[in-house]
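Biologist: I'm new to reading structures. Can you walk me through this one, feature by feature?

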Amino acid sequence: FMDAVSVALPTRYHATTLAEFAEALRRVSTATIAYHLFEARLRVGSEDNDFSRWLECELGESELAAGIRKLDPYTYTTEGLRQRLLALVAPRMWAEAH
């Protein structure tokens, strides 16, 4: 049998807007993305993830949160997840700017 221990360390990135979220997504490690998408489900015991909860609760971005929630993280590499997340965020950032 094997045992695993997860260690979470704070990063220097913090987001309060969609633009800051996108910028942080570009800069954080893929381990950070995995933590917030994969491990979040284990921590909260649901099918949700940290990004969707934050987008919905803090920014009112229900549609974007739902789109991220629908992602199957097992069908992407972690770098692929980063690119897919950015692709989902981009139209909302464009809509905010116009």
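Modeller: Happy to, and keep in mind that this is a predicted model. Start with a word we'll need: a residue is buried if its relative accessible area is under 20%, and exposed if it is over 50%.

Biologist: Are F21 and F51 buried or exposed?

Modeller: Both F21 and F51 are buried.

Biologist: And how do I read a pair of rings?

Modeller: A pair of aromatic rings is described by how far apart the centres are and by the angle of the planes. Here, a search of the whole structure turns up three aromatic pairs. In one of them, the ring centres of F21 and F51 are 5.2 Å apart with planes at 75 degrees, so that pair is edge-to-face. It links distant parts of the chain, as F21 sits in helix 1 and F51 in helix 3, 30 residues apart. Ring pairs also join F21, F51 and W54 into a cluster.

Biologist: What about the nonpolar residues?

Modeller: In soluble globular proteins, nonpolar side chains tend to be buried together. The largest nonpolar core in this model has 19 residues, and F21, L25, I68 and L85 have the most contacts inside it. Helix 5 gives the largest share, five residues.

Biologist: Which residues of helix 4 are buried?

Modeller: An α-helix has 3.6 residues a turn, so residues three or four places apart point the same way. In helix 4, the buried ones are L64, A65 and I68. They span an arc of only 100 degrees around the axis, which puts them on the same side of helix 4. The face turned away from that buried side carries the exposed residues E63 and K70.

Notes: Residues are numbered from 1 along each chain as its sequence is written. This is a predicted model: local features need pLDDT of at least 70, side-chain atom pairs count only at pLDDT 80 or more; totals for chains, interfaces and linings use all residues. Side-chain values use heavy atoms; hydrogens and water are left out. Buried means under 20% relative accessible area, exposed over 50%, partly exposed in between (1.4 Å probe, protein chains only). Helices (H or I, at least four residues) and strands (E, at least two) are DSSP runs, numbered from the N terminus. The arc is that of the directions from the helix axis to the C-beta atoms. A nonpolar core is a set of buried Ala, Val, Leu, Ile, Met, Phe, Trp, Tyr and Cys residues joined through side-chain atoms within 4.5 Å. Rings of Phe, Tyr and Trp (its six-membered ring) pair if their centres lie within 6.5 Å; planes under 30 degrees apart count as stacked, over 60 as edge-to-face and the rest as tilted.
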